[in-house]
Amino acid sequence: SHPPLCLPGIKCGGVLSAPSGNFSSPNFPGPYPYETECTWLIVVAEGSSVLLSFSHFELEYHAACAYDYLQVYNGAAQDRGNLLGTFCGRSPPPPFSSAWHVMAVVFRSDRHVAKRGFAAAYRKGSGEGWRWRSIHLSVLPHHPHHLCFPADACGGQLTGLSGEITSPRYPESYPNDAECRWSIGGAGSGGPLTLVFADFQVEGGQGCSFDYVALFDGPTTAAPRLGRYCGSTRPPRTVSSTPHLLVLFKSDFNIGGRGFKAHFYSAGECREVFTTIKGNFSSPQYPNFYPNNLKCQWSIQLPPGYRIKVFFLDMELEGRSSLTGGCDYDHLAAFDGGTESGSLLGRWCGRESPAPVTSRRNRLLLVLHTDRNMAKRGFSITYVGVVPMNVSCTRTEFHIQIPVPSLAQLERNRIYLGTPSCAAQVVGGNFKIHTRFDTCGTKSQKRNNTSVIVSTLYIHFSAGDQEDIHLYEVQCEPKRKEASVTLIAGPNTSRLSQAENLVDAQQREGGAMDAHEIKSQDTSDIVFISICILAGLLMVLAVVGLVLL
């Protein structure tokens with residue numbers, strides 16, 4: 001006998017529980033209606049697979065299928081990581097074979113342009129036996145009735161760039177005689193996969209011969225085994241050497257546990273670490289729409305003393321919540337330091353154009369969260385390491401000091417002020433430039449009705465044929481003897497930021513001038529005052545001499 005239907009008939013979509021059948025878009029072969037949403041949940045016998053094929057397919061085309069589209073899920077619609085593909089245009093989806101006995105097909109149309117739609121057929125593979133339980137799902141959002149669904153469903157083909165898997169019934173005790181297989185990979189990123197267990201409690205035993213989780217470095221159990229785990233100790237972080245990873249969970253006829261929860265992600269697109277002085281990156285699949293159900297992290301780690309300045313070249317994420325006004329859905333966040341426990345530097349969403357963000361330390365973390373619905377173009381970012389330096393000035397001179405370890409790979413002639421003839425000297429473990437205002441390309445300018453002296457500091461990171469020059473504007477206000485330095489640009493970029501005074505920050509971070517520098521500044525003031533006094537005395541003597549004559 002066939003499983004019962006728990007959902008009343010609706011105009012489109014529904015539960016398809018016969019061993020085989022056909023379904024199509026509303027009004028097929030005529031044009032489908034506007035603003036339509038249909039979900040078909042195909043359920044066949046436990047132990048079987050769903051075989052799905054399309055005989056006709058014609059939807060409105062869009063490069064990212066953002067208008068009208070059809071989605072195929074390996075399991076109930078919107079199960080995290082179970083999206084097999086999103087399709088539109090005239091190219092029909094390929095035939096699908098589900099990894100277990102449930103498959104969902106979602107069709108959506110917008111308010112413009114309608115085509116003929118699609119026609120599809122399905123059938124089950126093989127297998128007998130079925131157990132049912134009634135659960136409340138969101139697969140049919142406009143008809144929130146109870147659906148018939150297999151008990152203790154688990155496993156599946158997971159093609160997302162990241163996702164989460166849990167044992168059946170987690171966090172309640174998992175059932176006996178369970179066998180689940182999660183085949184992770186095939187999203188097209190081509191990189192290795194990382195699996196991290198957040199919770200783990202499985203019946204223990206010598207050799208893990210009762211209940212266990214086994215990991216395989218490939219899509220099947222024929223691949224090399226990466227580990228077999230049981231008990232209450234969380235398995236170590238596991239990284240595959242291929243773009244596929246198989247997770248196998250088995251329980252025997254008695255004794256259970258809480259089970260497990262694990263997260264996976266593709267290291268290629270979704271988690272990266274940058275250690276170069278400059279770099280750029282973007283959301284997965286940019287400028288095409290990013291995937292749903294992502295948590296991506298980009299960690300920038302520069303040498304001690306450096307700070308990191310991030311520039312947002314483009315951003316289009318899902319917008320703010322209409323209820324709270326906050327970035328509650330898809331959002332990008334920046335944290336000072338290497339973890340999410342660091343200070344929050346910003347949280348963005350929608351079509352915002354954030355101002356550049358500068359870290360207070362030499363590490364910065366960017367995290368992208370996307371939810372189950374609505375994707376956008378994403379973002380593009382570039383960053384530049386702000387070189388640690390002290391800049392000061394007297395009434396007549398610039399004093400620039402950079403610790404040699406910060407630019408250890410550079411020769412001193414690659415660091416100069418204004419012209420190559422004003423290259424740095426190496427003194428006491430520092431690159432130093434001491435120069436008068438009338439040399440090294442300095443210019444006098446009026447800014448905010450104040451006279452300032454301005455020059456450009458060049459730092460050549462160039463190697464081979466790759467030109468890589470970072471420019472800093474060095475400025476001094478002689479009357480107040482206040483200096484500042486501004487990162488103007490990295491290689492092949494326009495001016496990246498407005499003026500940023502780094503002196504105060506450097507001094508807060510312990511980068512104050514050494515005693516010799518302070519003495520040099522004080523001496524120049526004494527000399528200047530002494531010259532004025534001496535000139536005054538000479539004038540008095542001259543007047544007295546004239547009177548006596």
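These legends walk you through several close-up views of a predicted model. Local features are described where pLDDT is at least 70, side-chain atom pairs count only at pLDDT 80 or more, and totals for chains, interfaces and linings use all residues. Residues are numbered from 1 along each chain as its sequence is written, and side-chain values use heavy atoms, with hydrogens and water left out.

View 1. A search of the whole structure finds 21 aromatic pairs; rings of Phe, Tyr and Trp (its six-membered ring) pair if their centres lie within 6.5 Å, and planes under 30 degrees apart count as stacked, over 60 as edge-to-face and the rest as tilted. Tyrosine 32 sits in the loop between β2 (20-24) and β3 (37-43), while phenylalanine 107 belongs to strand β8 (residues 102-108), 75 residues apart. Strands (E, at least two residues) are DSSP runs, numbered from the N terminus. Both tyrosine 32 and phenylalanine 107 are buried; buried means under 20% relative accessible area, exposed over 50%, and partly exposed in between (1.4 Å probe, protein chains only). Tyr32 and Phe107 also belong to one aromatic cluster, with Phe23, Trp40, Phe54, Phe57 and Phe118.

**View 2. Phenylalanine 398 pairs with phenylalanine 437.** The ring centres are 5.2 Å apart and the planes stand at 70°, so this pair is edge-to-face. Phenylalanine 398 and phenylalanine 437 are both buried.

**View 3. Arginine 90 forms a salt bridge with glutamate 58.** A salt bridge is a side-chain nitrogen of Lys or Arg within 4 Å of a carboxyl oxygen of Asp or Glu, and the whole structure holds 17 of them. Here the closest N and O atoms are 3.2 Å apart. Arginine 90 lies in the loop between β6 (83-87) and β7 (96-97) and glutamate 58 in strand β4 (residues 50-58), so the pair ties together parts 32 residues apart in sequence. Arginine 90 is exposed at 66% relative accessibility, whereas glutamate 58 is buried at 11%.

**View 4. Arginine 351 and glutamate 316 meet in a salt bridge.** The N to O distance is 3.0 Å. Look for arginine 351 in the loop between β26 (344-348) and β27 (357-358), and for glutamate 316 in strand β24 (residues 307-316). Arginine 351 is exposed, but glutamate 316 is buried, with a relative accessible area of 9%.

Note on methods: Helices (H or I, at least four residues) and strands (E, at least two) are DSSP runs, numbered from the N terminus.
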